[in-house]
Amino acid sequence: VGQTVSKGKKMKKLYFAVVIVFCATLCFSQESLNPSFEFSGIDEFWDVVDTLKKDLDPSQAQWDKLFSTPGYAVLIKREFKKEKLQQFITCAYKPSLQEEKAQLIEKSKDIKGWFWKWFTPSYFKALEYTDVNRAKVIAKRNSFNTFPYTQQAITELLKFLPEDQVTNPPQVSFIVFNDSRGYTPVVMGLNDMVAGDDELTDEQVAKLKDLGFNRYRPQVLYFAHEFFHHFRDQKLEFKMPENNRLDSQLIWNINQIENEGIADLINVSPLYKLGVSKYKDRIDKEQKLVPEQIKGFSDVLAGIYSN
């Protein structure tokens with residue numbers, strides 16, 4: 001009897017050991033599905049927002065912690081002034097500055113050039129959406145350990161870049177933003193991805209499943225799009241001219257034709273053809289303008305050549 005009890009205890013210990021190892025392996029594998037994803041920009045963002053919503057000013061330390069996170073840091077290094085981002089975030093969430101927010105949006109309508117005219121209302125809309133849908137944003141932040149976005153995005157990317165150009169998966173830094181950037185690290189607007197989930201209809205999900213995909217397909221291709229920018233830019237054999245050079249805008253446009261043109265073949269074009277693109281109306285409108293725009297671009301190049 002003693003031997004039987006002893007054997008039973010050993011079997012019980014072995015069973016629990018197997019269960020523990022299995023659970024540990026499962027947790028590890030889930031956490032490793034997207035090991036290059038980081039969310040410090042999201043975590044620090046809430047701290048700033050909660051202070052602003054009390055109609056208080058965040059401390060300089062709070063702003064520094066937010067803007068030193070990898071995603072915000074690279075945006076500030078390459079594209080935006082820190083003070084500009086701080087102004088937008090402050091006006092978006094501080095109750096006493098709602099009139100100033102409205103004035104910024106109104107003034108942006110008269111700005112020359114397309115970027116700030118588009119960015120100003122779009123970014124405020126993204127900031128408002130994030131506040132209203134905080135629970136969804138947090139849930140999305142915690143969901144990336146259940147699906148191999150990175151692996152599938154790299155698979156799609158390799159259809160457009162040679163294997164020797166695609167090294168380790170790039171770091172992906174999530175922030176609150178109205179767009180994404182294929183920088184180093186890659187910057188993704190987490191709120192933008194949540195909005196994409198909201199916009200995907202049951203009919204579109206059913207269509208994706210009929211074609212052998214799942215509801216994650218659009219975002220897999222979205223990652224692949226930004227991964228393309230990341231790896232392509234690392235291999236550029238020329239340096240972009242300084243902004244004050246006369247040809248800087250022309251060179252930027254030529255570069256974008258290839259850079260965005262190929263990247264859009266990864267996600268925008270296939271999703272449009274599948275009938276699940278959130279940009280369908282915009283693409284239909286833009287396609288009608290293409291012949292006129294190509295002629296205009298051709299005339300500019302001809303004029304440069306003749307002079």
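**Strand pairing and backbone geometry**

I began with Ser 173, which stands opposite Val 187 in β4; strands here are DSSP runs of E with at least two residues, helices are runs of H or I with at least four residues, and both are numbered from the N terminus. The model is a predicted one, in which local features need pLDDT of at least 70 and side-chain atom pairs count only at pLDDT 80 or more, while totals for chains, interfaces and linings use all residues. Residues are numbered from 1 along each chain as its sequence is written, and side-chain values use heavy atoms, with hydrogens and water left out.

I then followed the pairing, where two strands pair if DSSP finds at least two bridges between them. β2 and β4 run parallel and are joined by 4 bridges. β1 (residues 37–38) also runs parallel to β2, with 2 bridges between them, and here Glu 38 has Ser 173 as its bridge partner in β2.

Next I checked the faces of β2 (residues 172–175): Val 172 and Phe 174 on one side, and Ser 173 and Ile 175 on the other, are all buried, meaning under 20% relative accessible area with a 1.4 Å probe and protein chains only, where exposed is over 50% and partly exposed lies in between.

Asp 55, in the loop between α2 (40–52) and α3 (60–67), has a positive phi near 65 degrees and is partly exposed, at a relative accessible area of 32%. I recorded both entries because most residues other than glycine have a negative phi, and most peptide bonds are trans.
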